[in-house]
Amino acid sequence: MGYRVGVDIGGSFTDFALFDENTQSLKTLKVFSRPDEPGAEVLEGVRLVGERYGIKPGDITYFTHGTTVGINTVIQRKGLKLALFTTEHFRDVLEVARLKIPNMYNLLSKRPEPLIPRDRVFGIVGRMKADGSEETALDEASVARAVAGAQAAGAEGIVVSLLHSYRNAGHERAVKALVERLAPEIPVFLSSETWPIIREYERTITAAIGAYVQPRVAHYLGSLQAALRDAGVTVDPRLTKSNGGVMTAEQGKSECVQMILSGTASGVIGAAYVAEVCGIKHCMSLDIGGTSADVAIIIDGQPQYGVGEQIGEFQIHIPSVSVSSIGEGGGSIAWVDAQGVLKVGPESAGSRPGPACYGRGGTRATITDAFAALGLVGLSEIGYSAVTIDRDKARAVVGELAGKLGRSIEETAEAIIRIAVSGMYSDVSALVSRFGIDPRDFSCLAFGGAGPMMACFLARELNMRETVVPPTPGVLSALGGLIADIKSDFIKTLYADLAPATGAVIRDEFEALKVKALSWLHVDQGYSGEHQLTYSAEMRYRGQSFELDTPLDATAVAAGDTKALAAAFHAEHERVYGHADPTAAVQVISLRLVISGKTTKPEFRRHEAVSEPATPLSHAEAWLDGAYRSIAVFNRNDLKPGQRFAGPAVITQDDCTTIVPPGLTVRVDEYANLRIVSEIAP
């Protein structure tokens, strides 16, 4: 028995969640992130947990890590210089994409430059048919010409994405063998090995992103493994995955595409666990860190999943937790444009230099500086004493903007906050429309270093039923990685009519996927506990352009019962779209199998309610909602379940600050969550 450690690296802080397997207790820590030296923050955290809690590296029995190295590589365009081999006459696959403009409401918006420019895209003679049979044999001479062209262009890697390789990958494998013989120094990445889905562009861009980030991710993970060993941590680290699970670091080196949304998924998993334990049926998680604000929808304690999540300027088509970036983070910089209009973001001060009020060299006003200038942040140390807020510096940088706008410091600071909240409101409204939900039925579960600071303002604008702040909101993403199950997705493209004869094929293909899944879990991941298998199929009515992922009953799959499978699709179509046609022909496009192994999770204790009133630590004068007000200041550690108090108030704790505007009240529930509503709940 020892400590299970979860680590999440954000733009400003790196969070640690430490679960004591003996006492079932949870400890937390924050250190500054080190974008200049990735991995250094993890080692610093390992050192500090020893100093603060007496936890030795050898006491760590499980180590999970959420990282943004992959997504940052794409955003910053610092990945591998790639060449792309396509089927002849299909060289424009990345240029054409889906013929959509990024912003449908802006006719002047332009699609991003492809990760692989067209002068490094080469056509290969040879073609497979949609049924997997060969139409034209592979021409080895064309492959040799393409390899020579890639070498002349200085390519550091080659992506091979040929027509219909999801059905028959023979040509792709043959091309890889030829490249390895002609240019063994150049790594080769196959779309059929990365994620073998049916659509050409989606398969190609997913393979390209995976190849693009692979060297940086592999180098980072290798360095992290070595550093942890040198620090005395004997267990091999695991990585959080885009689908909300975890995998070994060794697997992450070769399957980088599976963990590219690692960091954002961890937070949603943590939020979903809190919502499930606390019985919050409809929940919107709000994760605000130093650089961005992200939201996800959680129903009955389960996050929503999908494909096509945005990675910088591109979509990646792998199963992942559905997370949407809706705005700026606490470190986002406020500025005045050439027309004299106040703007916020997207540039961020990050951890270095950070907001001016951190006293680490920042000279430009951020959202955090706006709150500090108003007197709402800085009433205690934050970041586990890593930061002492300098209000004078915050007022100085906000004052520079105020001078340009002809406004007071207070008016300008409040305008910065309102602009940030307004942008979030607009983006959440689009998300609400996408999921067809009513925000008034949802709780806003706020976490991240800046989530509780801003959540009440956003929830108030959206008329949400309540804002929930868990006991350790600043490190909930690290907790999410810690409790995430070992999990992986397996897919097989079938593209067949759902006829009686197809039942046996579906059964056999699922059985083959099951063999792969069990080997992955018990052999590759070293998991020895019980597992869970989840069956689904992407299905559609014949003639439809896109398919619907439909949950399937394992018994019906094993029996090859196509009538039951069709009934499942009709029911799912009715649920999603409000109508179905049981008489229409159905097609099965692909089969999906998810395997998961449970991890140990902390038990959140239920506390008895107390009758004594909450006592403020102090009172402070702060500007809030257009005027200076007396603000009650509470220490989170002093609050007990059953206590209630009214805003305006500020609740301080080691990892964040919660701000409660006037007109709202706070109740501490039996799990020590803050439940903030527009009136005291019965």
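Asp 549 counts as partly exposed, at 32% relative accessibility. Here buried means under 20% relative accessible area, exposed over 50%, and partly exposed in between (1.4 Å probe, protein chains only). The model is predicted: local features need pLDDT of at least 70, side-chain atom pairs count only at pLDDT 80 or more, and totals for chains, interfaces and linings use all residues. Residues are numbered from 1 along each chain as its sequence is written, and side-chain values use heavy atoms, with hydrogens and water left out.

Asp 549 pairs with Arg 592 in a salt bridge, at 3.5 Å from N to O. A salt bridge is a side-chain nitrogen of Lys or Arg within 4 Å of a carboxyl oxygen of Asp or Glu. Arg 592 lies in strand E28 (residues 586-597) and Asp 549 in strand E27 (residues 548-552), so the pair ties together parts that are 43 residues apart in sequence. Helices (H or I, at least four residues) and strands (E, at least two) are DSSP runs, numbered from the N terminus. Arg 592 is buried, at 12% relative accessibility. The contact belongs to a network of salt bridges that links Asp 489, Glu 538, Asp 549 and Arg 592.

In total, the structure holds 31 salt bridges. Side chains of opposite charge can pair when their charged atoms come close. Another such pair joins Glu 347 and Arg 364, with the closest N and O atoms 3.1 Å apart. Glu 347 sits in strand E22 (residues 342-348), whereas Arg 364 sits in the loop between E22 and helix H10 (367-373), so this bridge ties together parts that are 17 residues apart in sequence. Both ends are partly exposed: Glu 347 has 44% relative accessibility, and Arg 364 has 36%.

Lys 343 and Asp 337 also form a salt bridge, with an N to O distance of 3.3 Å. Lys 343 is partly exposed, at 33% relative accessibility. Asp 337 is buried, with a relative accessible area of 14%.

H9 comprises 17 residues (262-278). The expected span of a helix is 1.5 Å times one less than its number of residues. Gly 279 follows H9 and has a positive phi, near 70°.
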